[in-house]
Amino acid sequence: MTKRYNDYFGDFGGRYVAEVLRAPLDELEDAFLDAMDDPSFHDEFDEIASTFVGRPTPMLYAKNSSKEIGGAQIFVKLEGLANTGAHKINNAVGQILLAKRMGKRRIIAETGAGQHGVATAAVCAKMGFECTVYMGEIDITRQKPNVFWMELFGATVAPVGSGQKTLKDAVNEALRDWASSFADTHYIIGSALGPSPYPDMVREFQSVVGREARAQIEEMITARDLNLEALVACVGGGSNAIGFFEPFLETKAPRLIGVEAGGRGPEPGNHAARMKGLGRTGIVQGYKSLFLLDPDGQVQDTHSVSAGLDYPGIGPQLAALGVAGRIEFARATDSEALDALQFFAKNEGVVFALESAHGAAEAIRLARELPPTSAIVVNMSGRGDKDLFITAKQLDKERWQEFLAREAAE
Ligand SMILES: Cc1ncc(COP(=O)(O)O)c(C=O)c1O
């Protein structure tokens, strides 16, 4: 077994946990390192990826959108076409295979937008594991369809009523469960954060997105004689971004741009952007990174129209690469994300998840500044079906409310 991974990324990362969680994290790290060196693990992952997840996911040339913008050519990695609608399933598959190797029979997870919960519930149904998903009460309300799917897959959705009642509180509750259940339970964290080895592990399982995207875009730009200028991805905790960027981290080009939730504006409590001076170094939920903290050092409330981007911390590797300058960060507001979602829906016939639409907004902005010989790839980390109840209320309020009232009366 070789140790090829780091506990720290620059100043960030680490394993700041109560003594009781050291043993399960050591066990997990051993299982992960063993698996990475075992070709049969990779074969099983690839088999499930192709027959159950639907990999490889396509790369779309957004020709109509690019023409209308009149700048760079935009390509879209359609990760949202993966089974259960988002990139989250790649990590869920990898981690459930590790759980199987460790002989665990029960899975717990946290979820924000519900995509990680749905992905975890789906792989548990497929692999025959018992599954409990912790979810903030606010997220349960705004992502009701995903609660329905999780329960349909046989999972128990455990409501979390503490704190802001969103993703960070769900993580706290899952960690609490794990501290007393790790003998037979594996905790599948849904983003590239948490105590080591989670950030490394989640990046590894999500890097399939970047590897596919690199091969696809190389072929597409060669055919069109374009220069790959930038990759763009939204950043909540950071799993789709770090997986998408992974094959390019060691090279100087292309530009790698992470897009955070600008929410309603830059005032504290109105957004969830942690980079560019807004976050401060802190240790929260077992790892050191940049967090949105109030003057007393307490985790601050956040806001985003997308439930998956309102987490107050950022994965430690992204934070380190941001500080080092390899990854640039931008922000898109709620309304810019909604505009981008409509733009691509009308021009390309694809619907971005609200999270991914933040990346789409930045891709549009960037394309305007670049010549038509440049190419930009944006990761559509998820598709927008899950957001119907939010998007329709925002974009077509009256008719949507009429419809809901009619449905409720039946
Ligand atoms: C579709 C989609 N994209 C992005 C995210 C943000 O997570 P991450 O930054 O880990 O990719 C989520 C989280 O729920 C999501 O559902």
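Predicted model: local features only at pLDDT ≥ 70, side-chain atom pairs only at ≥ 80, totals over all residues.
Analyst: Two residues are in contact if their C-beta atoms, placed from the backbone, lie within 7 Å.

User: Where does Leu321 sit, and is it buried or exposed?
Analyst: Leu321 is part of helix α11, which covers residues 316-324. Leu321 counts as buried because it has 24 C-beta neighbours inside 10 Å, and the cut-off for being buried is 20 or more.

User: And how far is Leu321 from Ser374?
Analyst: Their C-alpha atoms are separated by 24 Å, and the two residues are 53 residues apart along the chain.

User: OK, zooming out. How many helices and strands are there in the protein chain?
Analyst: The protein chain has 15 helices and 14 strands. Its radius of gyration is 20 Å, close to the 22 Å that the globule rule gives for 410 residues, so the chain is as compact as a globular protein of that length. Along the principal axes, the C-alpha atoms fill a box of roughly 55 × 55 × 50 Å, and 55% of the 410 residues count as buried.

User: Which domains does the assignment give?
Analyst: The domain assignment gives domain 1, made of 8-51 + 87-199, and domain 2, made of 54-85 + 208-395. The C-alpha centres of domain 1 and domain 2 lie 22 Å apart, and the contact takes 41 residues from domain 1 and 43 residues from domain 2.

User: Which elements of domain 1 supply that side?
Analyst: Several elements each supply at least two residues of the side of domain 1 that touches domain 2, among them α2, α4, α5 and α8. The element that gives the most to that side is α8, with 5 residues. By type, the residues on the side of domain 1 that touches domain 2 divide into 18 nonpolar, 17 polar and 6 charged.

User: You mentioned α4. How many of its residues are buried?
Analyst: Helix α4 is mostly covered, with 11 of its 15 residues buried. Those buried residues include Lys88, Ile89, Val93 and Leu97, and what covers the buried residues of α4 includes α2, β5, α5, β8, α9 and α10.

User: What span should α4 have, and how far apart are its ends?
Analyst: At 1.5 Å a residue, the 15 residues of α4 (residues 88-102) should span 21 Å, and its end C-alpha atoms are 21 Å apart, which agrees. After α4 comes Gly103, whose phi is positive, near 75°.

User: Which residues other than glycine have a positive phi?
Analyst: Thr84 is one of them, with phi near 75°, and Gln285 is another, with a positive phi of about 50°. Thr84 is found in the loop between β4 and α4, while Gln285 lies in the loop between β11 and β12. Thr84 is buried because 28 other C-beta atoms are within 10 Å, and Gln285 counts as buried because it has 23 C-beta neighbours inside 10 Å.

User: New topic: which residues come nearest to the ligand?
Analyst: Of the 21 residues around the ligand, Gln115, Gly236, Ser239, Gly308 and Gly382 come nearest. The elements giving two or more residues to the shell around the ligand are α5, α10 and α13, and α10 gives the most, with 3 residues. The shell residues divide into 7 nonpolar, 13 polar and 1 charged.

User: Where does the ligand lie relative to the two domains?
Analyst: Domain 1 and domain 2 both give residues to the shell around the ligand, so the ligand lies between them.

User: Last one: which peptide bonds are cis?
Analyst: The peptide bond from Ser196 to Pro197 is cis, with omega near 15°, and a cis peptide bond also joins Ala253 and Pro254, where omega is about -5°. Pro197 lies in the loop between β8 and α9, whereas the place of Pro254 is in the loop between α10 and β10.

Definitions and conventions. Residues numbered from 1 in each chain as written. Helix = DSSP H or I, 4+ residues; strand = E, 2+ residues; numbered from the N terminus. Expected span 1.5 Å × (residues − 1). Buried ≥ 20, exposed ≤ 12 C-beta atoms within 10 Å, placed from the backbone. Domains from an automatic or database assignment. Nonpolar A, V, L, I, M, F, W, Y, C, P; charged D, E, K, R; others polar. Near = placed C-beta within 6 Å. Rg over C-alpha atoms; globule rule 2.2 N^0.38 Å.
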